[in-house]
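Let us walk through this structure together, one step at a time. Have the sequence and the 3D view ready as you read.

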Amino acid sequence: MSPLVRGAIEAAGLADVLEARLRGAAPDGAIGRLREADLLVLGALADCIRAREAGDEVRIYIREPPAAQAPQAPPQGERELTGSDLLREIALRRIAGPPNAPVRVDWTRCGLELAQVALCFGADELAGTIATKRGELIAEGDLLGVGKKSRHESAREIKRKELAACVRRSGRVPVFVRSDAGVEGEEIS
Amino acid sequence: MTLDAIAERVRRGERLTPEDGIVLFHHPDPVAVGQLANEVRERLHADRTYFNRNMRVEVTNVCVASCLFCSFAKLEEGAPGAHTMTLEEAWRELEIRMDDPPGEIHIVNGLHPGLDFSYYEELLSGFKRIKPDVHLKCFTAVEIHFFACHYGMSYEQVLRRLLAAGLDSLPGGGAEIFHPEVRSRIAHDKATADEYLEVHRVAHGLGMRTNATMLYGHIETFEHRVDHLMRLRALQDETGGLQAFIPLAFHPDGNGMRNLPPPTAIDALRTTAVSRLLLDNVPHVKAYWVSMTPEVAQIALRFGADDIDGTIVHETIYRSAGSRSPGALSTAQLVRLIQEAGRVPVERDTFYRTICEHPRAAVPEAAVKVRDRKSRKHLEVLS
C-alpha cells in the first residue's frame, strides 16, 4: 500500500478498521464511520482488503437467460441505487462482510461500466448474461463482427473476449467459471 | 517518479511534467490517482459541482471531412440520413421550449460546403431575437477554420462577424488528439492541431472564452494524451481563455474505427483525474455525462471533475456512435446525481457565474430508503 493511500485512510480515521480487517477480525462498531467516509477512501480500503483476501483474479459467471425471455430491466425502485451508492455498497460489503467472502456484481443490472469500476472498490466476481450493450440477449449461434470479419465470429465469443478485456484493463486477471454451484457471497446490482 | 512523489509535488503546488502524466496514466491504482485529483478539485472548488440548463442543436450533419471516429457526418446533401435544418426549423427548437428555456444553446455542425455564411449569422441572430439573453456557445474551432477557408476570411474576421450576429463563446469540440501521428490517421482533412489552437488563441484575443476537449480511447497512446494536455496547458499559460476541459470518450458504433473497443469506465475516470492534475491552469474539468454515462459521470465527480455539463435536451453525435446515455437529463436529475455524489449542486451560466446553489443533502426519500435497506443488510452481516 502506498503512503498516499495509507495517509488517506488514516486521515479518514479508518486505520484501525484496516488493521482489524487485515488481522481477520470484523471491524466492530465501525459501520457508522464507514458509511460516512469519503467514497474513494472507502474504495481504497476495500481494495486493500480485496487484494489480500482474493488476489487479482476476477471470477466471471455467465448466466444463461431464461428461454425466449426479453431482456429484464431492474425492477422499479432498484434503479434508485446510483453509481456512487453502488460503489459504496460494494466497498462496505468487502470491508464489513465476512472475511474471504466473494463480492459479486451483476453487470446485467448495473452495466459493464460500473461493474468494471466496482472491481476497484472491493469486488472480485462478475456475473450476468451475454447481451448487446442495448440489453438485447445474444443467443448461441448468433454471429457478429465488423469489417472483413463481419458476421464471421460467434457473438458470444466476442462478448466473452470483451468481458475478459474489460477485466484486464482494470489491472486484474479474468477467470471464466462454468458453474457457480457452491460459491458463497452476496450479489450486488 | 512514484505516485507518492507526485502527490508531494501536487501538494506543494508544483507543476507536473509530461513524465508525471505518463506515470499517472500507467499507475496500477486508479483510485489512488483519483484521490490525488480529488484533492486538487476540492482545493479549487470544495464540494461545489456545476451544471447548466443547456440545449444542443446540430443544424446539419453534412460534412466534407472524413474523420474515422465520426458516426454523425454524411458526406453530401441527399445522402441517406443527411439533414440540414432550415433556419425556421432550428429556431423552432428554442421556441417550443420557451416555457422552460435553456440558458445556453450549444451548436455543433458538420462542415457543410453548400451553405452561405449568412445562414450562420442569421441562425445566431434569430436565436437572440427569440431569447435575447440566451448564451450562444456555437461552432467548434474546426468549424471556424472551415468558415475561414471556405468563405475566404481570417479567423478574426469570421469571429467578429459571428460575434456581431450574437455568438458568445466557442465550444471545445474538434480537438480530437493533437499529435500528428494520430491526427493524420483519424482526422486528416480538417483543421490541424496548430489551426485548432490558433482559432482559440484568436478568440481569446477578442475577449471570448472557450472550452477544449480531447477524444480519447481509440488508437492513441498515453503519450499522445499527455502531449495533447501539454499543448492545451501551454495555450492557457499564454491566453488564460480556456474555461473548461472536457475529456470525451470514443464510441465506436457506425464509424471507421468500429473494430476498436470503447474506452472502459476506469479509463474514463483515470483520464478525468490525470487531466485535472496536469491542467493546473484550467479552472474546470467536466464529466460529460453523454460521453461517459450519467452513472460514471457521477463517480467522476470524485475523480477530479467539478462540472457535469447540462440538460443537453437533444444530442445526436454521441447517440449516432452508440452512446447508451439518455438524450436529456432534467435539472432535477442533475441535482440529484450531484447530491448523491456528496457534492453541492450549483446551477451556473456559461461563464460559471452562480445562478442557483442547491442544498447539499436533499437526497430524495427513495434513495434514502434504498440506502437504509442496504445498510440494514450490512448490520445483519456484521451481527
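To describe how helices pack, we use axes, which are lines fitted to C-alpha atoms, for helices over the stretch in contact, with angles running from 0 to 180 degrees between N-to-C directions. Helices (H or I, at least four residues) and strands (E, at least two) are DSSP runs, numbered from the N terminus. What you see is a predicted model, in which local features need pLDDT of at least 70 and side-chain atom pairs count only at pLDDT 80 or more, while totals for chains, interfaces and linings use all residues. Residues are numbered from 1 along each chain as its sequence is written, and chains are lettered from A and ligands numbered from 1 in the order in which they are written.

Start with two helices of chain B. H2(B) and H11(B) pack with their axes 10 Å apart, at an angle of about 160°. They are therefore roughly antiparallel to each other, a label given to angles over 145 degrees. Which residues meet here? From H2(B) come Gly21(B), Leu24(B) and Phe25(B), and from H11(B) come Arg270(B), Val274(B), Leu277(B) and Leu278(B); contact means C-beta atoms, placed from the backbone, within 7 Å.

Now look at H2(B), residues 18-26, by itself. Its buried residues are Asp20(B), Gly21(B), Val23(B), Leu24(B) and Phe25(B), where buried means that 20 or more other C-beta atoms lie within 10 Å of the residue's own. The cover over these buried residues includes helix H1 (3-11), helix H3 (30-45), helix H10 (222-239) and helix H11 (265-278) of chain B.

Chain B has an open sheet of 3 strands in the order S5-S6-S7, with parallel pairing; strands pair if DSSP finds at least two bridges between them. Strand S5 (210-216) and strand S7 (284-285) of chain B are at the edges with a single partner strand each, so one side of each is left without a neighbour in the sheet. H11(B) packs on this sheet and touches S5, S6 and S7 of chain B, its direction making about 155° with that of S6(B). Between S5(B) and S6(B) (residues 242-249) there are 7 bridges in the parallel sense, and Asn211(B) has Ala244(B) in S6(B) as its bridge partner.

Finally, turn to where the chains meet: 39 residues from chain B and 41 residues from chain A take part in the contact. On the side of chain B that touches chain A, H16(B) gives the most, with 10 residues.

Key: A residue is buried if 20 or more other C-beta atoms lie within 10 Å of its own, exposed if 12 or fewer, and partly exposed in between; C-beta atoms are placed from the backbone. Two residues are in contact if their C-beta atoms, placed from the backbone, lie within 7 Å. Angles under 35 degrees count as roughly parallel, over 145 as roughly antiparallel, 65 to 115 as roughly perpendicular and the rest as oblique.
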